[in-house]
Amino acid sequence: MTSLAQRNQKMAIKLAVIALLMFGFGYALSPLYVAFCKALGIDQAQASITQSSAALRLEFDTNVASGVAATIQALDTVQMAQAGGIVKTRFLLANTSDQPLKLRAIPSFAPVRAAGLLQKLECFCFDELVLQANERREVTVVLLVADQLPAEMGAATLSYSLQAVAQ
Amino acid sequence: MSSDTLHHTDHGLATHHPQGGWQRWLYATNHKDIGTLYLWFAFVMFITGGVMALGIRAELFQPGLQYWQPEFFNQLTTLHGIIMVFGAIMPAFTGLANWMLPLMIGAPDMAFARMNNWSFWLLPPAAALLIISLFVPGGAAGGGWTLYPPLSIQSGMGMDLAIFSIHLLGLSSIMGSINIITTVLNMRAPGMTLLKMPLFAWTSLVTAYLLIAVAPVLAGAVTMLLTDRHFDTHFFKAAGGGDPVLFQHIFWFFGHPEVYIMALPAFGIVSQIIPVFSRKPLFGYVSMVYATCSIAILSFMVWGHHMFAVGMPATAQLFFMFLTMLIAVPTGVKVFNWIATMWQGSLTFETPMLFAIGFVCLFTVGGFSGLILSIAPVDTQMHDTYYVVAHFHYVLVAGALFSLFAAVYYWLPKWTGYMYHEGRGKFHFWWSMIWFNVTFFPMHFLGLAGMPRRIPDYALQFTDFNAIASVGAFCFGLGQIFFFFNVIHTIRGGVGPAPSSPWEGGNTLEWEVPSPAPHHTWETPPDLATVQRGLRAQAVE
Ligand code: HEM
Ligand SMILES: [Cu+2]
């Protein structure tokens, strides 16, 4: 039988090891956090936000009108727009019904002041879309960013709502 | 285990006679001496943090800036928070555990007497670092006790001192916890199984495990802050690819269990006291144990409720919201059991019982406001308002502090050998009870009306309630000086010598040894009959 002192020492060592592991766990949270944010598509702080004040944060929002059997999803929910740059962003469209669908995406944006700053070079909202039964398709929007961005602007949201086109 | 080996190891450590004067304390290895050191240290810190609180309340008595620069005001709130949490409440509980655990479980001392000495003596330098930081260029840390970046990365060397101080405090807590766990698990008297231990031993055990799990995480977080500040790492610096929100996750992964580190020992204390003064065994002992463990486990999964306002996916908000509400269940079990213990008991209202009942009532108020804050959409409104300040002071002052007062009055006869003056004790209770509520209850209204926390100046419509709160705080503070003289009076002889068991219903083992408890007790473990008698306290013989 081991003496009490020995048993105590063993337990203390075990507990100290747990403490050390937990210290490591604190550090492990750093890569875990990044992985989680990536996996869940959660927006993280970005270096570009702090580095240049002349950047505009673009957020993409999507909606589907009620009764339309389709889905739309922004693949890049947030992007940073640099003055004079080009922003390309992707969306995933899907027809969830067994029939072909004729759709149109109605764009809108906020705030109004963003109007002069972003110019759409290309957009899936320009045309009518025809999606075959159960078809999934990736579509894009390409934006040209103004040469000068006001520092106080911060962020703009672009929104696309899918509507059915009367047949 | 033979009591022979037990005796043997003990001889090597502490059987030589206690040295006189300061050496007795500097080289203390006896659990009672160390417990005493911890308790006095905690009291000094309580007064220090309290003076800072009064500094805050003086500034907030009227709108406008009267006494302090805004930067200094922030340093006051920050140091007040850190000192109260890490300097006053936690060391006081560790001190109680040191003093009482060996007595209550029939052990001769703590498992590691020398390490015990170290864990205490790390505290004064840590406190000194915090105090010194007030006088360095740039002043003390001013980013709140949560030390959120980016402010904590940008501020001056006061922050470095706070970080080092937190390292020392964490190390001390971890060593203290290792000691408590080992003592409770390995050194109980024969016949005292885990499910027969006094609840205070249970809550100390669970708390110690919580500390071992989360104190290193906080140490890691502040180390990352330190390297972000000086060694060009980018854990939290957005400019380098880090994220300040990550700090909040790590901090609250520590921070929420920390709240229970300050609450569970309080639950243990009142679970000892209420049965004694109700002259009934504790109602639902086993459910109390399970509730303690469930609270501890759940506390790891709810940190996100501190971050509702940060921006979080709705599913995550719901997850944290429901889990947080779930904690109310085991907590409710506890409150129910305390009330059931009192139900139809032959109650008497000596000071420890008054503080224990005060604890149950006010802690319940704090629990309810916590429940309200756990609702994510409500919290986005209340976040960082005085409602939060009211909530956590109901939990920490009425919870942790009142339970500590209860413990001090309850065990003072055992510590000093003298009875305290009952009238003065009661006066201290009623005085604290009234002024505590005057101080903190109006803060609910301030918060609901939208007054933010951590500000030195405020809009005119908040004037009246702030004035009331400030008057309350100063009166509350005055009462604690009265408490100090109460204790000194008892040490000097009080109202006469105390019997070994001054409370009629006191069954647990500490009441089997003389008052004051001799320097060495339970050198041979209590016999089975004695242990069995002690178990009547929780009706599990
Ligand atoms: C007993 C009298 C006390 C008074 C009058 C008092 C008063 C205050 C005041 C006025 C604030 C500042 C609120 C703000 O501007 O955000 C504060 C903050 C705080 N107090 Fe107390 N307090 C007392 C005791 C305690 C105790 C016993 C604890 C125990 C842990 C405690 C923990 C805290 C914490 C953690 C903060 C937050 C600090 C921060 O904002 O970073 N206080 N207290
Ligand atoms: Cu919490």
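## The iron site

In this predicted model, the iron atom of ligand 1 has B:His80 (NE2) and B:His393 (NE2) as its protein donors, lying 2.0 Å from it. Donors are N, O and S atoms within 2.8 Å of the metal (3.2 Å for Na, K and Ca), and water is not among the atoms, so sites may look incomplete. B:His80 belongs to helix 4 (residues 70–105) of chain B and B:His393 to helix 16 (residues 386–416) of chain B; the pair, 313 residues apart, links distant parts of the chain. Helices here are DSSP runs (H or I, at least four residues), numbered from the N terminus.

The site of the iron atom is octahedral, with angles of 88 to 179° among its six donor atoms. Six donors count as octahedral if opposite donors are over 155 degrees apart and all others between 65 and 115. B:His80 is buried, because its relative accessibility is 14%, and B:His393 is likewise buried, at 13%. Buried means under 20% relative accessible area (1.4 Å probe, protein chains only).

B:His256 is in helix 10 (residues 244–261) of chain B, while B:His305 is in the loop between helix 12 (285–298) and helix 13 (314–342) of chain B, 49 residues apart.

With a relative accessible area of 6%, B:His256 is buried; B:His305 also counts as buried, at 12% relative accessibility.

## A helix pair

Two packed helices are described by the angle between their axes and the distance between the axes. The axes of helix 14 (residues 351–373) and helix 17 (residues 422–448), both of chain B, come within 9 Å and cross at roughly 10°. The two helices of chain B are therefore roughly parallel to each other (angles under 35 degrees count as such). Axes are lines fitted to C-alpha atoms over the stretch in contact, and angles run from 0 to 180 degrees between N-to-C directions.

Residues of helix 14 of chain B in this contact include B:Leu354, B:Phe355 and B:Gly358, and those of helix 17 of chain B include B:Phe429, B:Trp430 and B:Met433. Contact means heavy atoms within 4.5 Å.

## Basis of the description

Residues are numbered from 1 along each chain as its sequence is written, and chains are lettered from A and ligands numbered from 1 in the order in which they are written. Local features need pLDDT of at least 70, side-chain atom pairs count only at pLDDT 80 or more, and totals for chains, interfaces and linings use all residues, while side-chain values use heavy atoms, with hydrogens and water left out.

Terms used. Angles under 35 degrees count as roughly parallel, over 145 as roughly antiparallel, 65 to 115 as roughly perpendicular and the rest as oblique. Four donors count as tetrahedral if all angles lie between 85 and 135 degrees; four count as square planar and six as octahedral if opposite donors are over 155 degrees apart and all others between 65 and 115; anything else is irregular. Buried means under 20% relative accessible area, exposed over 50%, partly exposed in between (1.4 Å probe, protein chains only).
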